[in-house]
Amino acid sequence: MQTFYKSILWATLVLFLLSLAFSFLFDTQAKPEVLSLNQLTARINSGEITKITVQGDNLKISLKDGKEAVAQKETESGLSETLKNYGVKTDALNQVAIEIQDESGFQFWMGILLPTLLPLIAMVVIFWFIFRQAKTGANQAFTFGRSSLRLYGNFKDRPTFKDVAGLKEAKHELEEVVDFLKNPKKFLDMGARIPRGVLLMGSPGTGKTLLARSVAGESGVPFFFISASEFVEMFVGVGASRTRDAFATAKKAAPSILFIDEIDAIGRERGAGVGGGHDEREQTLNQILVEMDGFERDNNVIVLAATNRPDILDRALLRPGRFDRRVWLDLPDINDREAILKLHAKDKPLAKNTDLRQIAIRTPGFSGADLANLMNESAILAAHHNRKEVIQNDLYDSIEKVMLGPQRKGRAISQKEKEITAYHEAGHALVAASLKDADPVHKISIISRGRAGGYTLKLPLEEQRLRTRSQFLAEVAVALGGYVAEQEIFGEMSTGASSDLREASKVTRALVTQFGMSEAIGPQTFGESHDLMFLGKEITSERNYSEATADKIDIEVKKFTERSYTAAKKIISSRRQILKAVAQALIEKEELEKEAFDKIISSFKLKPLSI
Ligand code: ADP
Ligand code: MG
Ligand code: ZN
């Protein structure tokens, strides 16, 4: 749409310039004084006139003082004859230079034609602009049925694989695609069928769009870009024709890449839609299927698509011959996180002693977009404090800002509330420090952020793919640590523990129903689970077991919870002195980094327990 406004703007500008030219032309013509033949004769006699130019019956008169004037002579007779009839003096007339010009002079014709031609020319220019824009296929004005397909960037400012950190497997997959676009013959000679569609899947912010754009940069072919949500956003019935158009444009420009971002907006399972716009989606999806089937073997258009909801995609899209290549984009591991941070630190002045590895350690579960955001926040923070460089603390603060929202230092809390929060967090931290299988504590804070009153940052020492039952139980004990501490010290519980309890229940239930970690229940899973943990989405499940089993499950869940609870309770009550020391330090400083916390703990010479 932007380009539509652009062409309107252009048209207006052209019109404006033309009318300016017009008024200018008429202005100069209208200026000269019009003389009657009587006046002209009188002025010749008084010697005021130097030159008369004759064009047909028109007289252009140059006056001595440099001014110009015009007059008309009688049609039938010559100039000097006419003037003589009006009584001009012969020797006065001799002083005047008389020039006869051809009547069909340029100016004469322009004077007649210009007023009629100019609007016509203006129209032509306007239409030329509009058509020129429409023809590129990238921009349309007035044609809503056409795809709002965008031709992406000129080759120079496209990102390349260098701008994408990590994602090695995904890049490797896509390198093949790039290779094909560069030398299709190599593959076709081997009788290989070229992938038509490549589907990029991964949770939001993992770099799908970025990676797709970098494929464009690597391959150096035209790259057409459309967001699927645009197909459905405006008018009913245009989705299908837009799709047809998008494919036609890409084919014309082949070899080329057509990138459909957020394809889940149209590609969701047909017949499963709820609410409006559903028919529209189906038609659009059908059209995509038709187009992808219509590719010939040596048609070198590759369709890239991205989604963070592969679970809801229509099966037909995933059939061979369509999006038969699927590329997973995982959340970055610790090394990738460091690489991404480095990449986004490039244009920011970092202090010499900053350690991005430390930031990578503290950011498990962050997506590439989160990390990019973190670097940006740290730069903002440094600028806000009028520093010339970003220091390590800016980075640390930004982690929490991205994770939990900005600090709410201003929020007034009572001394009592502060104490409760301090003991609560100290409880988490103490249990974590006491249990062998718990993740170590990295930071404790009682400054509220977002919705959290305070928080204890615990992180695994190394990236873990597998977790054991002991680790889960320790995790639950740590989660209950806050609750237990409040109970121990104040004799009652506050609402501050509710999210901890929810977390604990979730883990213990999963132990029993998903991981088969209960001896009594055995190696089974319960509930039709849509395992979307990797997409950062919770497991959704429907019940597919009997009441009796449900009871058994409940009993087992309770057993695990109690086991962790007892462990937490034992730690808190037997190590009250340490709890108090940590809580006091928190009340005083509000935040404790790992080093400060370790110092308190080690002064008590704790022995690690197992659960
Ligand atoms: P998605 O499309 O998967 O939701 P984007 O590709 O839009 O995510 O990523 C958003 C931003 O996050 C990118 O513009 C980039 O700045 C940053 N980013 C994400 N992943 C990476 C990565 N692997 N390397 C570098 N930057 C990344
Ligand atoms: Mg995206
Ligand atoms: Zn808590």
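This is a predicted model: local features need pLDDT of at least 70, side-chain atom pairs count only at pLDDT 80 or more; totals for chains, interfaces and linings use all residues.

Analyst: Residues are numbered from 1 along each chain as its sequence is written, and side-chain values use heavy atoms, with hydrogens and water left out.

User: Why is α17 called largely enclosed by the rest of the structure?

Analyst: Buried means under 20% relative accessible area (1.4 Å probe, protein chains only). In α17, 14 of the 20 residues are buried, so the helix is largely enclosed.

User: What makes α17 oblique to α18?

Analyst: The two helices pack at an angle of about 135°, with axes 7 Å apart. Angles under 35 degrees count as roughly parallel, over 145 as roughly antiparallel, 65 to 115 as roughly perpendicular and the rest as oblique. The angle therefore makes α17 oblique to α18.

User: Which residues of α17 meet α18?

Analyst: Contact means heavy atoms within 4.5 Å. Among the α17 residues that meet α18 are Tyr423, His424 and Gly427. The residues of this contact divide into 11 nonpolar, five polar and three charged.

User: Why is α17 called roughly perpendicular to α20?

Analyst: Their axes come within 10 Å and cross at roughly 105°. That angle makes α17 roughly perpendicular to α20. Gly427, Leu430, Val431 and Ser434 in α17 meet Ala568, Ile571 and Ile572 in α20; by class, this contact has five nonpolar, two polar and no charged residues.

Conventions:
Chains are lettered from A and ligands numbered from 1 in the order in which they are written. Buried means under 20% relative accessible area, exposed over 50%, partly exposed in between (1.4 Å probe, protein chains only). Helices (H or I, at least four residues) and strands (E, at least two) are DSSP runs, numbered from the N terminus. Axes are lines fitted to C-alpha atoms, for helices over the stretch in contact, and angles run from 0 to 180 degrees between N-to-C directions. Ala, Val, Leu, Ile, Met, Phe, Trp, Tyr, Cys and Pro count as nonpolar, Asp, Glu, Lys and Arg as charged, and the others, Gly among them, as polar.
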